[in-house]
Amino acid sequence: MSEQLRPSGSPVRVGSITLSTPGLEGTATAYPASAAGARGPAAELTSNALEAALDDANVRTLETVEIQRPREVPTGSAGSRGTALGEPAIVVEAPDPGEGWGQVVLYADEAGVVRWSFARDDRGSIDAMRGRATRTYLVPRQVQVAPADGGSRGILTAAGRKLLKLLVFPVVDPVLGEVGDYFAGRWENAKRRNFVRRFTAGDYQARDAAEITDDEWRKLAEGRALMFVHGTNSQAHTAFASLPSSFLQWVAETYQGRVFAFDHFTLSDDPRRNVERLLDAIPDDVRLNVDIICHSRGGLVSRVLAEKQAEIRPGEAKVAVHKVVFVATPNSGTVLADVGRLPDFLDAHTNLLSFYPDEGVSLALEGLITVVKVVAMGAKGMDGLASMSPQGEFLKWLNVGEPEDTSYFALAANFEPQDHPLAYFARDVLFDKIFGLDNDLIVPTAGVYEVEGCSVFPIEDRHVFSGADGVHHSGFWVNPLALEKIKSWLG
């Protein structure tokens, strides 16, 4: 059954949800959850990747609300509550899911841009309390321009309409236990691997690539080797999947086959712990000389190895790092990793996956949904994300280090999508309200190669892509100039 929204702000009941939409009119239709195994009308509004990720994360859709023909209406003095970013908001009142259940709202605007919404208390803080009759969510109200071709994009696919998905999950996961402190670590232990793997033109996109054997470690030690280190919420076979096989053939020839990758936890372990695990994996009688290509948070892991190895393992020195190519690394941090900004972190990464999907998108979405659960429950234990916070203890510790005989190179980008659904989100939300400066959707542009007060920065050997180049946080590997720069620095 459909209901007309009231731009005066008077509440309207739509299914089990009550909407207050000052300044917005349109027609709202509720689609309840379908019976087990059935695909109801709302299923057409959701991508297969999102459905698979929600199923794997044990998250149920309780109800979907579709707002058709949304239109902003002048309301004179009628006020509206705002989101955490100060945007005018739709106020969503949803019934409490009941004892033993957590709840969030997933919202998509007309252009397909996705935002996560968490229950808020009267002060606007995330409300992790359960047992109340209703829970309050604030979602952006502005009407965005739908894609010109009228098609559908993203993980919520109804272009030209606003969508709200009311999602619930059990507080006690049937496999991983209670969703609370250190739940992200339990998820990574179940879904990801800490290991050093082969990385060749024949298997770099394979999830089940073989682990490096003792004999292979000794072959890697016969000369300069190259290590790939992935970033947040990814693995080597997904983070670098878009690299052309010809590039992997080039590095194999350049390093005479001495090429490998390090898979590690990025949500629960900080980069120091990542490096400890890497050093534990190397046989005691092996000493390596390496160059590194690293993406995003993987650059912080690489810096710990280059700058802090002697502090972590005094007298051991298993790895000498000669060259590091940082690609979109938050060397100065990213405010998205601040505790209060984790909803924005989730929005940015979800939209990046939605509009620029890569290999393993369902598992990457499941990783983000794991963070959603932890945030919704007000839990802790995500040291891997906290390591990227600009004011966090980890970066304060790291940014007083100094590598010995290591050369740093950097690729960074200022992403300015033109005539793209993400244009409003990138400009008005990320640039104006969160970063306040150029960024690649996830990391501040200059923060890749500049770190205030750190002696090894700025990085002089760098290339910065402008907004006209269209390179986003995960888009370097398909850019021919980026690959040529890497070759020139490593060759």
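Me: How many helices and strands are there in the secondary structure of the protein?
Reply: There are 14 helices and 19 strands. Both are DSSP runs numbered from the N terminus: helices are H or I with at least four residues, strands are E with at least two.

Me: And what should I know about where these values come from?
Reply: This is a predicted model, where local features need pLDDT of at least 70 and side-chain atom pairs count only at pLDDT 80 or more, while totals for chains, interfaces and linings use all residues. Residues are numbered from 1 along each chain as its sequence is written, and side-chain values use heavy atoms, with hydrogens and water left out.

Me: How much of the protein is buried?
Reply: Buried residues are 59% of the 491. Here buried is under 20% relative accessible area, exposed is over 50%, and partly exposed is in between, using a 1.4 Å probe and protein chains only.

Me: OK, sheets. What's the strand order in the open sheet of seven strands?
Reply: The order is E13-E15-E14-E16-E17-E18-E19, with mixed pairing. Two strands pair if DSSP finds at least two bridges between them.

Me: Which strands stand at the edges?
Reply: E13 (195-198) and E19 (462-465) do; each has a single partner strand, so one side of each has no neighbour in the sheet. On average, neighbouring strands of this sheet are turned by 20° against each other, direction ignored.

Me: How do E14 and E16 run, parallel or antiparallel?
Reply: Strand E14 (residues 224-229) and strand E16 (residues 288-295) run parallel, joined by six bridges. Phe 228 sits opposite Ile 293 in E16.

Me: Which helix lies across E14, E15 and E16?
Reply: That's H5 (residues 245-254), running at about 150° to E14. Axes are lines fitted to C-alpha atoms, for helices over the stretch in contact, and angles run from 0 to 180 degrees between N-to-C directions.

Me: Switching to packing. Which residues touch the most other members in the largest nonpolar core?
Reply: Of its 107 residues, those are Trp 116, Trp 217, Phe 260, Leu 288, Ile 292, Leu 305 and Leu 346. Helix H10 (residues 361-376) gives the largest share of this core, 11 residues. A nonpolar core is a set of buried Ala, Val, Leu, Ile, Met, Phe, Trp, Tyr and Cys residues joined through side-chain atoms within 4.5 Å.

Me: And what does Leu 288 touch, not counting residues up to four places away in sequence?
Reply: Its partners include Trp 217, Phe 260, Ile 282 and Val 319. Contact means heavy atoms within 4.5 Å. There's also a second, separate core of 31 residues, with Phe 199, Phe 240, Leu 243 and Val 471 among them.

Me: His 349, buried or exposed?
Reply: Buried, at a relative accessible area of 11%. His 349 lies in helix H9 (residues 342-355), and beyond its neighbours within four places in sequence it contacts Leu 368 and Ile 442.

Me: What's phi for Leu 441?
Reply: About 95°, positive although Leu 441 isn't a glycine. Leu 441 is found in the loop between H13 and E19 and is buried, at 2% relative accessible area.

Me: And Arg 69, is that one buried or exposed?
Reply: Exposed, with a relative accessible area of 58%. Arg 69 is in strand E5 (residues 60-72), and its phi is positive too, near 50°.

Me: Last one: how many residues are between E2 and E3 in their hairpin?
Reply: Two, and Gly 15 in the turn has a positive phi of about 65°. Strand E2 (residues 12-14) and E3 run antiparallel, joined by three bridges, and Val 14 stands opposite Ile 17 in E3.
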